Amino acid sequence: MRFHILVIALFCCGSAESRKVRGISSSYKRFYREKKSFLCIDGSKLIPFEQVNDDYCDCADGSDEPGTSACPRGRFYCTNLGFRPHYIPSSRVNDGICDCCDASDEYNSHVRCQNTCWNLGQRERAFVEGQMRTLDEGLRLKQQLIEEGVLLWREKQAQLRELQQVAEDLQIKLEEHRRKKHEADRFKEQTLRALKGEDSGKSFLLFISHTIAPDEVKAEVVPVHGEERRLSDDEAGVRCFSVFFLFQVLVLCYVPGVSNSFWFRAVSNTLFFSFSLSDLQKKLDIDYGTDWEFLFLNGQCYKLTVYEYLYTLCPFSHITQKSTAGTEVSLGVWGMWAEPAKNRYNQMIYENGEPCWQGGSRSTTVTLTCGTETALRSVKEPSKCQYIMDFQTPVACQPVLKQRGVHSEL
Amino acid sequence: MAPVLVLWLAVCLGATWAVDRGNFKTCDQSAFCKRQRALKPGESPYRALLETMELTNTRLTLQLINDNNKVRLLLELYRLQGNITRVKINELKPLKPRYEVPDVLIRDPPTEPLSVLSQDENGVVLSLGAESQRVIVSVRPFRLDIMEGHDVLMSLNSRGLLAFEHLRMRKDTFSYKVTSTVASVWDNVKRVFSSQADPEAENKEEADAANQAETTKEEEEKAEEGMWEETFKSHSDSKPNGPSSISLDFSLPGVEHVYGIPEHADDLKLKTTDNGDPYRLYNLDVFQYELYNPMALYGAVPVMLAHNAQRTTGIFWLNAAETWVDISSNTAGKTVFGKMLDYVQGSSEIPQTDVRWISESGIIDVFIMLGPTAKHVFSQYASLTGTQSFPPLASLGYHQCRWNYNDQEDVRSVDAGFDEYDIPYDFIWLDIEHTDGKRYFTWDPHKFATPKEMLQGLVEKRRKMVAIVDPHIKVDSNYKIHNEIRSRGFYIKNKDGGDYEGWCWPGNAGYPDFTRADMRAWWASMFAYDQYEGSMENLYTWNDMNEPSVFNGPEVTMHKDAVHGAWEHRDVHNLYGLYVQMATADGLVQRSGGVERPFVLTRAFFAGSQRYGAVWTGDNAAEWDHLKISIPMCLSLGLVGISFCGADVGGFFKSPSPELLVRWYQTGAYQPFFRAHAHLDTPRREPWLFGPENTALIREAVRQRYTFLPYWYQQFYHAYRTGEPVMRPLWVEYPQDPATFAVDDEFLIGQNLLVHPVTEEGSRGVTAYLPGKEEVWFDIHTFQKHNGAQNLYIPVTMSSIPVFQRGGSIIPRKMRVRRSSSCMEHDPYTLFVALNARGLAEGELYIDDGHTFNYEKKEFIYRRLSFSNHVLSSVNLVPDSHFTTNSWIERIVIIGSSKPAKVTLKTADGNESQLEFDFDASMSVVTVRKPGMNAGADWTVTLQ
C-alpha cells in the first residue's frame with residue numbers, strides 16, 4: 001500500500017523547466033511531457049510531475065531522475081553537441097568529475113567543467129578521417145595481399161603437387177631398387193661366402209631398419225646428411241651409411257664390387273624430397289584466412305623493443321623475448337586462431353613457450369588490428385608469463401569498420 | 001622479472017605449498033624457551049624481603065631473593081589510573097642495564113596512591129583504591145594475588161614459574177679471568193692505601209661477599225647448552241650477554257576463555273598449549289603460513305584478554321624480545337559431560353586458566369588491566385598505548401592492489417576498468433616492481449617515467465595511490481638513500497661493528513636503525529614532496545617486510561646479535577616494525593605541514609602500532625580456510641587495539657575460483673581494511689575478469705561497502721576516541737552469554753551490525769547465532785525481523801551476504817554510490833532506524849572533512865540520533881564543534897514500525913511541514929520521503 005501525500009514543495013522550482021529536461025535524450029522526451037503526473041517508464045508507479053528530477057528517487061527504474069544522481073540505476077544523457085552523445089551512470093552527475101564534454105553533468109558541483117565537445121569532435125573527426133584513410137589504404141593493400149596470397153597459394157599448391165609426384169616416382173623407383181637390392185643381397189651373400197669361405201665368422205648387416213617417431217625425424221635430419229663412417233678398419237672398402245627414409249632408418253653398407261652407386265643416390269634423393277614435402281604440407285595445413293590473405297606473413301618476423309626486452313614475432317611460427325643481457329626465451333609457438341564467434345581472424349594464440357617458475361609455460365595472445373603497415377605495435381605481460389601483443393597489418397582491416405562514424409545529435 | 005625469479009628461487013628453494021616449518025624454531029630449538037619450559041610448576045625459589053619494602057605515594061618497591069642463587073630482584077608495583085596494576089621486576093643490580101621498551105606507552109602512566117592495609121611476616125596487603133581491590137604480597141614463596149572482595153582475580157607466580165636469568169660474566173673465557181683477577185688486586189691495593197674506614201669500601205666488601213656466594217652457587221649451576229651461543233640451521237647467535245630470559249606465570253581463577261596475543265593464524269579463543277608448542281610472538285616473514293597453529297607470524301602484540309560471564313581482564317606483557325606464551329586449563333581436557341558431573345556433584349573445582357609468559361631478554365613489565373568489562377579493558381589498554389589512529393575516510397573504501405601493476409598504462413587501464421564496470425574504488429597500489437631496481441623512493445625510469453602525470457590522472461578521478469616503501473635499502477653507492485644512511489651511520493650494525501647487511505628484494509641490503517629517533521626523523525623527512533621525487537598529495541605508503549625480513553638471515557629475519565646502539569637486535573626485534581610505520585606515518589604528516597592524516601599499511605606490528613595506521617594479515621592464500629581465518633585473525637587484532645585490519649581479498653598466493661573470489665569480496669566488504677591483492681605469478685583478477693555474473697556480484701559487494709562508509713567512519717572515530725575495536729567478537733557486546741564466547745565465524749561492526757559471511761564452498765545456507773535475549777535483528781536487505789538468542793538458519797545464494805542491523809540502532813548510510821568515497825562527500829544521507837522491542841532506537845552521525853587533523857580542533861559534526869515515543873530527533877553531541885556540510889537527509893527508513901497517520905518534520909526555526917512516506921506492511925517499514933534537512937541541523941521527525 002502506498003500513500004502519496006502532496007506536500008509543500010521544499011525545493012525551489014524557479015528553474016523547473018530546464019531542470020526537468022535535464023539528462024534526457026530527444027527520443028525519451030515524449031515520456032517527460034509536462035503533465036500532472038509522471039508514470040515511471042517501467043510503469044511501476046505514478047508520481048506527481050513535480051517529483052521528476054527533484055533529487056529523490058521514486059521510480060525503481062530510475063526514470064524519474066534522469067538529471068540527478070538520486071537513482072542507483074539511473075542514467076544521464078550527455079547531449080554533447082558537436083561530439084558524440086552518450087549516457088553516463090547517474091552516479092556521475094555532480095560528482096566533481098567532468099564526464100560529459102558539454103559539462104552538463106556537473107551543473108551543481110564545485111568543479112568548473114569546460115565545454116570541450118567541439119574540440120573533441122574536431123579531434124574525433126580528424127581521427128575518424130585518419131582511420132578511414134587507414135582503412136581505405138589498408139583494404140587496398142589487403143586486396144593486393146589477397147591477390148598475392150592466392151597466387152602464392154597456387155604456387156605452393158603446384159609445388160606441393162610436383163613434389164608429391166616426384167615422391168611418388170621415387171617411391172616406385174625405390175621399390176624397384178629394393179627388389180634389385182634384394183637380389184643383389186642374395187648375390188652378395190653368395191659372393192661373400194665365395195670370397196671369405198668358411199672363415200668368415202663376421203656377419204654383415206646390410207639392412208637394419210627400425211621405426212622411429214616422426215618428430216624425431218626433423219631433429220636428426222642434419223647429422224644424417226652425408227654421414228659416413230667406417231664400420232671396421234680391417235674390412236677395408238666396406239662402408240656403411242645410416243640414412244632415414246619415410247620414418248625408417250636404413251643402414252646401408254657398401255661392399256666394394258657388390259653394391260652399386262646408383263642405388264645409394266636414389267635413396268638420398270627420396271630423403272630430401274620427403275622432407276621438403278612434409279614441411280610444405282604442414283605449412284599449407286595452417287588456416288591463412290578465407291582468401292589466404294595471411295599467407296604472406298609466414299616466414300616473416302617482426303620486432304619491437306619494450307623497456308629492456310626485444311620481442312620477435314614470426315607469425316605462424318614462434319615468438320621470442322630477448323633481454324638486453326642477451327638471454328632469449330620462447331613466449332610460445334604457433335598454436336591456433338582464437339575464435340571469438342564473429343571475426344575468427346583477429347587473434348592468434350602462441351603457446352608452449354619457456355616453462356614458468358610456478359608451473360605452466362609462457363603463452364602469447366596476438367591481437368591483429370587494421371593498419372597500413374605490418375608491424376608489431378605493443379607487448380604487455382598483464383599476468384606473469386601471459387603476454388599480449390598488438391600486431392598491426394592491412395590484412396586485419398575489415399570493410400565493416402567503414403560503417404562507423406561520428407553520430408551527431410538527432 | 002628475472003631477478004625476482006632468481007630471488008624466489010633463492011628464498012623458496014624446495015618450498016611446497018605449505019610453510020617450511022623447518023625454517024622456524026620450535027620452543028625446543030629456541031634455547032631459552034627450552035630452558036624455561038623445562039622448569040615445572042612447583043615451589044618458587046623466590047622470597048620477598050619485606051624489610052626492603054618502600055612505599056611512596058606512587059609506588060611500592062620490594063626486593064626479591066632467589067634462595068638458590070642469592071640473586072636479588074627489585075619488584076616495583078604501581079597502581080595506575082583506570083584500574084590498572086603495573087608490576088615491574090628487574091635485577092636489583094644487573095651487570096649492565098636490561099632493556100626496557102621505550103616509545104610504546106604514550107606517556108608515563110599516571111599513578112594513584114597505594115596504601116598498606118595490613119602487614120605481617122608472611123606478607124603485606126595493599127589497597128588498590130576504592131573498589132575493594134587489594135594486592136596480597138606473600139613472602140615465602142613470593143607471589144602476588146589480586147583480589148576483589150573475596151574473589152581472587154589473578155595470581156602471579158602462584159605456580160612458581162617466576163624465573164629471571166640474571167646477567168653474568170662468562171666463566172670459561174680468558175677475559176673474565178683477567179678482569180676478576182685485576183679487580184681483586186686493585187681492591188687490595190685500594191684497601192692498603194685507604195687509611196680511613198671507607199663506607200664505599202665496606203659496601204664493596206659486602207657486595208664482594210655476595211658475589212662470592214653467588215659465584216659458588218653459580219658454579220653449581222650447570223652451564224646449559226645455548227646459554228652463550230646458539231645455532232639454528234646454518235646461523236649462529238653469538239649471545240655476548242649470555243642467558244637473560246625471564247618468565248612469569250599468571251593464574252586466572254574462574255576463566256575458561258582467553259583471547260588476543262596476535263598474530264597467529266588460529267581461532268579467536270586461544271587453545272591450551274600443553275601438548276604442543278606455546279604461542280610464539282616473534283615477528284617473522286613466514287612464507288605460505290599454515291593455519292590453526294601457534295607459530296609466530298609477522299606481528300606481535302603481547303596482550304591477552306581473559307573473560308568469563310562476570311568479568312574481563314587483560315595482561316599486557318611489555319617486552320619486545322622473542323616471547324612464548326603457554327596456556328593451560330584445568331577444564332581443557334574435560335568433556336561437557338565431565339563438567340556437568342562436576343556441577344551436579346557440587347564438587348567442581350573452579351575452572352582456571354594458567355598462563356605463562358617467557359621472553360628472551362629485557363625485564364618483566366606487566367600491566368594488569370582489571371576491567372571489569374571488556375570495554376573497560378579496551379580503555380585501560382588505550383590509556384597505556386593509545387588508540388587507533390583516525391584514518392582518512394577514503395582509506396575505508398576499496399583498495400585495488402596487485403604485485404604488480406606493470407606500468408603507467410597498466411594503472412590507467414585498470415583505473416578505467418573500474419569506471420567501465422561501474423565499481424567504486426579509492427586506492428590503486430603499486431608493489432615493489434614500480435621502483436628503479438627495488439630502490440625505494442624511486443620510480444622505474446621506463447615503466448613509471450612520469451609518476452606525477454599518473455597521480456594527476458588519479459586526482460582527476462578523485463582517487464589515490466599507495467606505493468610501497470620497505471625498510472631494506474639497496475647497498476648501492478649510486479643510490480641517494482643508501483649513501484645518506486651510510487654516511488650518517490644510521491644502519492643497524494652487525495656484531496662486529498660493521499653495517500649489517502642481508503639479502504632482500506634488491507639483493508644486498510642494509511637495514512636502517514629505526515629504533516633511533518634521529519634516524520626516524522631523517523626517514524620522515526624523505527617523504528617531503530621535494531625529497532620523494534614523483535610523489536604528490538594523493539600518494540600514500542605501504543611498509544612491507546618490516547619484521548624485518550632478511551632472506552638469508554636466521555628464520556628469514558635479522559641476526560639477534562645485530563646491534564642497535566647500546567642494545568642487541570634480540571632486545572628490540574618485535575618493536576622494529578612499529579618504528580618503521582611510526583617514522584613513515586610521521587613523514588606523511590610532516591610533508592603536509594601537519595595538516596593531512598597519513599595512511600600507512602604495515603605488515604609487522606607491536607603493541608601501539610594502532611597509532612600509525614593499518615595492518616593486514618600478510619601473505620595468505622586463495623583457499624577457503626584462509627578466507628575463514630581472516631575473521632578470527634582480525635578479531636584478535638581488534639581486541640588488542642588494532643582495529644584497522646584486513647586480509648588480502650582473493651588470497652595472495654594461488655588463484656581463487658570465481659566463487660571463492662566473490663565470497664572473499666563479500667567478506668572483505670564488511671572487514672575494516674578492504675584490499676584485494678595478488679601474487680606476481682597469479683593470473684590477473686580484476687573484478688571484471690570472471691564473467692558478467694561474477695562482476696555483478698563483486699560490484700554489489702563493493703557498493704554495499706560504500707553505502708556503509710558513514711557508519712565505518714563513525715566506528716573509526718569511536719575507536720580513535722575509546723580504543724574499542726571496530727570489528728569485534730560477539731562476546732564483547734554480550735559478555736554474559738557463554739554461547740558467544742567462542743564464536744568466530746561471525747562478528748559485529750560496532751554494536752549495530754552483525755555479519756556472518758559465507759565462507760564455505762558451495763554453501764546453500766549458514767547458521768548465524770543472533771545474540772541477545774532482548775534483541776531483535778533485521779536483515780539489512782529484506783528488513784525481515786529475527787529474535788535474538790537463537791541460531792538462525794539462513795538460506796544463501798551467491799548474492800547473499802548475511803548482515804543484520806540490531807533493533808535499537810540508527811545507521812546513517814549514503815545510498816548514492818559513486819566512483820570513489822571522495823565523490824560521495826556531499827551526498828545526502830539515508831537514516832536506517834531499526835526499532836527494538838520497546839520501539840526505541842539510537843545512533844550517531846559523525847561528519848568532518850574526511851582527511852585533515854581539523855577534527856582535533858572540533859571541526860566536525862557529531863550528533864546523537866534517537867527515536868523514542870515515535871519521535872526521531874537529531875541533537876548536537878558536541879555543542880562547541882563547528883563544521884558545515886552540504887549533505888542533507890534524503891530518506892528515513894524506520895524498520896519495525898507501525899503505520900503512522902502522518903509524518904511531520906520540525907526544524908530548529910520552529911517550522912513544521914508534513915512529509916510524504918511509504919509504508920510496507922509486510923515488513924513494517926516506513927520510508928519517509930525526502931525530509932531534506934541539513935545533516936548538521938537540529939530537527940525532529942514525528943510519526944503520528
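Mentor: Chain B has a closed barrel of 10 strands, in the order E44-E45-E49-E52-E51-E50-E53-E48-E47-E46, with mixed pairing. Strands here are DSSP E runs of at least two residues, numbered from the N terminus, and two of them pair if DSSP finds at least two bridges between them. This is a predicted model: local features need pLDDT of at least 70, side-chain atom pairs count only at pLDDT 80 or more, and totals for chains, interfaces and linings use all residues. Residues are numbered from 1 along each chain, chains are lettered from A in the order written, and side-chain values use heavy atoms, without hydrogens and water.
Trainee: In which sense do E48 and E53 of chain B pair?
Mentor: Antiparallel, over four bridges; E48 covers residues 871–876 and E53 covers residues 939–943. Ser873(B) has Thr940(B) in E53(B) as its bridge partner.
Trainee: Switching to chain A, how much of it is buried?
Mentor: 40% of its 410 residues, where buried means under 20% relative accessible area with a 1.4 Å probe, protein chains only.
Trainee: And what area is buried between chain B and chain A?
Mentor: About 3,900 Å², with 48% from carbon and sulfur atoms. That is the accessible area (1.4 Å probe) the two parts lose on being put together, summed over both. The contact (heavy atoms within 4.5 Å) takes 43 residues from chain B and 40 from chain A.
Trainee: How many salt bridges are there between chain B and chain A?
Mentor: Nine, counting a Lys or Arg side-chain nitrogen within 4 Å of an Asp or Glu carboxyl oxygen. One of them joins Asp55(A) to Arg816(B), with the closest N and O atoms 2.8 Å apart.

Key:
Buried < 20%, exposed > 50% of the residue type's maximum accessible area, 1.4 Å probe, protein only.
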